[in-house]
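Colleague: I've got a few questions about this one before I start working with it. Please give me the cut-offs as we go.

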Amino acid sequence: MIASISSFALNGLDGVPVTVEADVNKGLPSYELVGLPDAAVKESRERVRSAIKNSGYSFPVHKVTVNLAPAELKKEGTAFDLAVALCLLKASEQLVTRDTDGYVFLGELGLNGDLRPVNGILPMLISARDKGYVRFVVPDGNAREAQYIAGVEVFAAKNLRETVEHITGEKPLVPVPVRSFAAARHEETEDPYDLKYVRGQAMARRALEVAVSGGHNLLLVGPPGTGKTMLARAIPSVMPDLTFDEALEITKIHSVAGDVGTEGILTRRPFRTPHHTATTASMCGGGSHGVRPGEISLAHGGVLFLDELPEYKRATLEALRQPLEDGVITVSRATGSVTYPASFMLCAGMNPCPCGNLGSKDKPCTCTPAQIRRYRGRISGPLLDRIDLQVEVDGVGYDDLTSDREEESSAVVRERVNHARKIQRERFRGTSVRTNSEMREAEIRKFCRLSAECDGILRAAFEKFSLSARARARIIKVARTIADLAYSEEIAPAHICEAISYRMYDKNGS
Amino acid sequence: MRHSPQKFYKKILGAAGERRAAAFLKKQGCKILKRNYRTPFGEVDIVARDGADIVFAEVKTRTSDAFDVPAAAVDARKQRRYIDAARYFLSALGEECNLRFDVLEVTPDGVEWLKNAFEC
């Protein structure tokens, strides 16, 4: 007899419906699984066999053929186990019901029949819903991820037996209740990284605020131990709160990577700090078992912090250039290409020189000019060009550290950031641009008219520091953000000057 | 070793085991179709009908459990032989039917019936 069951596969973040078909026939007892399965899917045979036996059913002693359609799509992972098992029960007439139609089954089976959670449930559910599927059975362990999606009926089953009894109506399961994003946010604890713990560093704090307001990238340069990492860690706390749609998009990526936290949805903006030994594949996405999202995609909607920037492999850094411009990364492999969103704020930290003390008020630098040049040369001009704000973070005096004066907290800064973002949203209404940093030439001409005085200042800087055309455009964008923070319609000379001052590395001629 | 006493003893032991196994299957309600069914691929100890299934049974006889369990001796090569023999049997039969490969372990304690011991 022949039977079929619906399941889902992932291609990047897009769900693809997969029909599992089983044919149980007379003949030599055998089991054949076709439809481009990878090793994990192939192994489903032994899991499914044991799970069926240990759930009190019998594995068909017949010629069994299982097909995963569409046959040309490469199938990976263990999420088909449940669908294969149900299909075999149906084909061997142990499960006599037509009610499996309209359901999508996802889940990995244990040898005892238990359902184990699988990765990528959220993007699969969302795509499936958009394709018109409304009823799902998922492993109990994935229920938290499924509870934020409205308009679907999700049933969380603990094992194969529960699934079967649900379908036949013997013991129907209760759908997972829909939970609001606000409820998840409510569970959120206080961010341990807050700007109020950062002492001094007025210049860096200001640059950080500007960077977050306009979605610009930030480079913090300073001697070791001066608070670069602390500042960077506080960035997510001043970023605007996640909207539900943003949270879903970010969680989708993290779901594929198998990390959705305890709430089943990300309530905070991600902060990723890949170590400088990271490979290009781990940074941009890839890998031998399908194309996994890389660090830049996991940082989508949040911050990618690269500490000790010159220590990263050059190829890895150069690979960031294109996603920095486009906000997406397309990873191509011989088996096909996958596009992941990668719209993140880049924050980098580095020392000014190998010994770390160049430009410090009190410590002498022992590096030779050649050493410093070599050190800075590890970061290519094109990458540096894309970092709009480059600020120095210097050591803090002892009195500043011990003073009782409470520094401005993240909440206060976030207020201003939210306001600047609101101005930008209204400005770019109806376009795909969301922040000042995303402006293209057309928008720059429209929204960033420079007075004669501003133009004069910019011309002088352009010629003196031999800036690139891109650097000029980026200075204007930063000036626009500074003007927004000052509630100014026009870009004033002071705004341009401040924007230019953030390009210290161009000035140093490095 | 060709005509050694050991070999002779093993032959007798095997034949006795197969007789016991056949009697056991009969008692369980199977119909014995063939004993020592010879094909170009090798010999099948017992071919029987168990309900709707045709059973190809390999009989393993042991006088002690000093070694491994008898079924462990049915290795991949022997399984292959049975599968080929079953194909040969099917083509001779000319009709589709359900097949099964069983192993019967004959020990002094009795007969152990391992249904559906392997598949292709």
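Modeller: Before we start: two residues are in contact if their C-beta atoms, placed from the backbone, lie within 7 Å. Helices (H or I, at least four residues) and strands (E, at least two) are DSSP runs, numbered from the N terminus. This is a predicted model, where local features need pLDDT of at least 70 and side-chain atom pairs count only at pLDDT 80 or more, while totals for chains, interfaces and linings use all residues. Residues are numbered from 1 along each chain as its sequence is written, and chains are lettered from A and ligands numbered from 1 in the order in which they are written.

Colleague: How many helices and strands does chain A have?

Modeller: The C-alpha atoms of chain A fill a box of roughly 85 × 50 × 45 Å along the principal axes. Of its contacts between residues at least 6 apart in sequence, 74% join residues at least 24 apart. As for secondary structure, chain A has 23 helices and 18 strands.

Colleague: How are H20(A) and H22(A) oriented to each other, roughly parallel or roughly antiparallel?

Modeller: The axes of H20(A) (residues 452-464) and H22(A) (residues 493-501), lines fitted to C-alpha atoms over the stretch in contact with angles from 0 to 180 degrees between N-to-C directions, come within 9 Å and cross at roughly 20°. Angles under 35 degrees count as roughly parallel, over 145 as roughly antiparallel, 65 to 115 as roughly perpendicular and the rest as oblique. H20(A) and H22(A) are therefore roughly parallel.

Colleague: And which residues in H22(A) meet H20(A)?

Modeller: H20(A) brings A:Glu453, A:Cys454, A:Ile457, A:Leu458 and A:Ala461. By class, this contact has eight nonpolar, no polar and one charged residues, with Ala, Val, Leu, Ile, Met, Phe, Trp, Tyr, Cys and Pro as nonpolar, Asp, Glu, Lys and Arg as charged, and the others, Gly among them, as polar. From H22(A) come A:Pro493, A:Ile496, A:Cys497 and A:Ile500.

Colleague: How many residues of H3(A) are buried?

Modeller: A residue is buried if 20 or more other C-beta atoms lie within 10 Å of its own, exposed if 12 or fewer, and partly exposed in between. Across chain A, buried residues make up 46% of the 510 residues. H3(A), residues 81-91, is mostly covered, and its buried count is 11 of 11.

Colleague: At what angle do the axes of H2(A) and H3(A) cross?

Modeller: H2(A) covers residues 44-54, and its axis comes within 10 Å of the H3(A) axis. The two helices are therefore oblique. The contact includes A:Val48 and A:Ala51 of H2(A) with A:Val84 and A:Leu88 of H3(A). The crossing angle is roughly 55°.

Colleague: Why does A:Leu122 count as buried?

Modeller: A:Leu122 lies in H4(A), residues 121-130. Leaving out residues up to four places away in sequence, A:Leu122 touches A:Glu145, A:Thr251, A:Lys252 and A:Ser255. A:Ile265, 143 residues away in sequence, is 9.2 Å from A:Leu122, C-alpha to C-alpha. A:Leu122 is buried because its count of other C-beta atoms within 10 Å is 26.

Colleague: Last one: which element supplies the largest share of the side of chain B that touches chain A?

Modeller: 12 residues of chain B are in contact with eight of chain A. On the chain B side, H2(B) (76-93) and S4(B) (98-107) each supply at least two residues. That side divides into six nonpolar, two polar and four charged residues. The largest share, four residues, comes from S4(B).
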